[in-house]
Amino acid sequence: MTNFPTSPKPRSPGQFAWLRRFLALAAFGALAFSLLSAPGLLQAEAGSQHRPEQVQGTNVIISEFRVVGSAGAADEFIELFNPTQGPIEITGWNIARSSSSGSYTTLHTFGSVTLAPGQYYLIVGSTYDDVSPGDVSDSLGIATDGGLALRTGTNIIDQVGMSAAPSFVEGSPLPELTANADTSYARVDVCEDNNNNLTDFVLTDPSQPQNSSLPATPCPAPTATPEWQQRLFISEVAWGGTRADDTLAQWIELYNPGDYIDLELNKCFLRIPGKADIELEGAIPAGSYYLIERNQVDTNVETYTYPISGFPTPTETPTNIPGFSVPGMTIAFPLLNVGGDRLELYCGGAVIGEGTLADTANGDGGSWPAGNRFFSYASMERIGPPYGLENDASWLNFFGSPYAADRLGNLINGSPGRPRSSGATSTPTTTPTSTATPTATLSPTLTSTPSGLRSILINEVAWMGTTSSSNDEWIELYNPGTASINITGWKITAAGSTFSITLAGTIPAGGYFLLERTDNDTISDIDADQIFTGSLVDTGMALSLRTASAQLIDTANGNGGVWPAGNSTTKCSMERRGATIVDSDTAWITNTGTLKNGKDADGNDICGTPRNVNWAYFVTPTPSPVGPTRTPTRTRTPTPIPPAKVSQIILNEFLVHPRSDWNNDGIVDSGDEFIELLNVGNVSVDLQGWRLDDQQGDSSPYTISGVSLAPGARAVFFASQTGLLLSNRSDSVRLFQTNGSISDAFTYTSPTKPDQTWCRLPDGGPTWVFGCEPTLSQINKLAETIFRGERDLPAICESPALPAAVFLTECLPSGLEAWSRRLWDGFLPATKVFFERHGQEYWIE
């Protein structure tokens, strides 16, 4: 007899079904491996293994049969079962058998028989000897390599076989039964019919035939497939891009959450309103992801077109090794705005451009509800399943284990082409919302808002105001968790004071909540989430954040003495050093202006990071805090100390506006810009994997390779090598360590002069000065500027009204070579200027 797994047959629908299904699949796997190992078969069938649809039987089925028993060839039986929810009359129906060659014979025709839901019926052979008597006996003579069919006339209702067509068979045939033993083939689950004999049946030892006298055990009523499992979703958006290429490496992921249906995409498109429609292609297999990336090297995840019918050639099973394949497409879609863009997914319609709105991402068109850029470049992931109506609460930051890599080998904080990370702590429950369109949506209801200790942090306090006004105070809250938190009714209060702010709003996961005093001009270029009144006392206050029920969430300067950080002279804010650090004097540090964000009411830089990551997160302060110089209200004398040095590797000099051939390549262009690093420490430092960058949102970061600096040594990096283009008007220069921590940074805000650098004077010291001579690995000094290879520019380039984009592309000596005197001076008709950068094509008219 063929070696085949065996299992006892369940006495009622569903009983032990899991065991029988496991054994059936194991048998199927063994057979499939032997078949697919043949040359030419393994690759062709590799994509066909996604889960088949599990369908409840819709008519009477053959539930068990035996072709030869311990009492000989006639010790056989055929068992029927009604898996439906209603009675079925089988009067006049028949059982037929087939041989391996396809000849058919009617074995038995039913008299007046009606099967109730969940009822069995047993037809037995002439020498049948099992305990359960047959409902009817007949000469059956089932061939050991043949098949059986339940028919109405010649119309087949159900069939099972032990040889391939033309015999009776569904899907793959069962192995032949030849031994005289009390074994039979029985359904894995009598309530399911997947139309594949090899997976629907399992060998049962001993046989367990059942007849109509047993109590009927109806199958559970079938449950409708949830509406969300029949739709396509936008599941992940990496609007921040990757560490290697910043926003040039943005990618978008779609998801088919259904268990059974491959969704066709030939009438689907992804719209970025105001920019473009991305026409999709191919199909998404059931339960699979579809990746849209601007360049394949951005994620090292290869995309291929999954055919609308048939199976793909590449494997569908991703591995943990970068370079696996997933269905998708590569297209240079328009760059997503880092401040927020709305994505719309449409399907259906006669032509592209028509269709029904199937899903959105950031549907309100505001700021992205999740994800980030610097420093982790985490993607924005959809919460689910189940999937309901998309809104800001539908998204969270990636919190999983990275596996894919960017172009330079950095791990990507996202899950392109794979299931989302497990960072969600709130699971939406769905309530159907009826609509008049086929794309009915569901409304998610989040579980109760978490409100544990430090679930929301008082993250930054500008008790000293701004350069514009000491009354322009502001406070920043931060949500370090993975779920949005509604803070409506919560309060910020100060001990022993009437100061009180009643809050209103929601803070998304990883998001900030900015409170500005009196009006929205405190930070002129960043909208406040809430305006408050009242004053923060410069001599110190003990701030508390509590829920509406007075539960303590967090404190700032909780001991009530002098503020532990912040500076009333420089107007630099008091920043929290980390999301997990308990409030104490050492939990706070004064922002130094190394990393800052926002403008005050007069347009001056804010010495702080409102609605942005704290500079304090990336430094390790000296244990004794730097306190402001004022008389404390309580007895506590902070010990003033010098600010902690960020790193022993510093930015020491940089050239913004070259008018000479500093890199000696024979051309005066933007490639002559340079940045110099200096090791001010007493040990050598390997800079492998460190990154240079300008301000966020400009050039792509440059990753340093093969450079080690000995104590006192310098390294110069030209723009021709790094690709970093520094603005002649204002920009930032930043140096990051391999873990993303900032090592040093400097921001300049005034226009620069040709061939003069920003440098530290004295060399390697704390003070930056403009007007230095480009010293290129020498000790810094003030300039006596000599221009070499100067080029004249048209007068229009000196105009203050000239748009910045035109100035950058037309007036700077640029590697883009876009500047054309003929265009400006009219020697040729001013038609178009074409240039290409980072694979993108541009026209300037």
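Let's start with Arg187, whose side chain makes a polar contact with the side chain of Asp193, at 3.3 Å. Keep in mind, everyone, that this is a predicted model. The Arg187 side chain has another polar contact, with the side chain of Asp158, and there the distance is 2.8 Å. Where does Arg187 sit in the fold? It belongs to strand β11, which covers residues 184-187. And is Arg187 buried or exposed? Its relative accessibility is 1%, so Arg187 counts as buried, the cut-off being under 20%.

Now over to Asp145, in the loop between β8 (136-137) and β9 (147-152). Asp145 counts as partly exposed because its relative accessibility is 26%. Its side chain makes a polar contact with the side chain of Ser100, at 3.4 Å. If we skip neighbours within four places in sequence, the residues in contact with Asp145 are Ser100, Met162, Ser163 and Glu176. Take Ser163: it is 18 residues from Asp145 in sequence, yet the C-alpha to C-alpha distance is 5.7 Å.

Last topic, friends: the nonpolar cores. The largest one has 36 residues, and Leu477, Leu503 and Leu543 touch the most other members. At least two residues of this core come from each of β28 (457-462), β29 (474-478), β31 (491-494), β34 (512-517), β36 (543-546) and β37 (552-556). Apart from that core lies another, of 29 residues, including Val68, Ile78, Val160 and Tyr185.

Let me finish on Leu543. Beyond neighbours within four places in sequence, Leu543 has contacts that include Ile458, Val461, Phe499, Leu536 and Trp563, and also Thr493 and Asp554.

Methods
Residues numbered from 1 in each chain as written. Predicted model: local features only at pLDDT ≥ 70, side-chain atom pairs only at ≥ 80, totals over all residues. Heavy atoms only, no water. Helix = DSSP H or I, 4+ residues; strand = E, 2+ residues; numbered from the N terminus. Buried < 20%, exposed > 50% of the residue type's maximum accessible area, 1.4 Å probe, protein only. Contact = heavy atoms within 4.5 Å. Polar contact = N/O pair within 3.5 Å; in protein donor to acceptor, adjacent residues only side chain to side chain. Core = buried A, V, L, I, M, F, W, Y, C linked by side-chain atoms within 4.5 Å.
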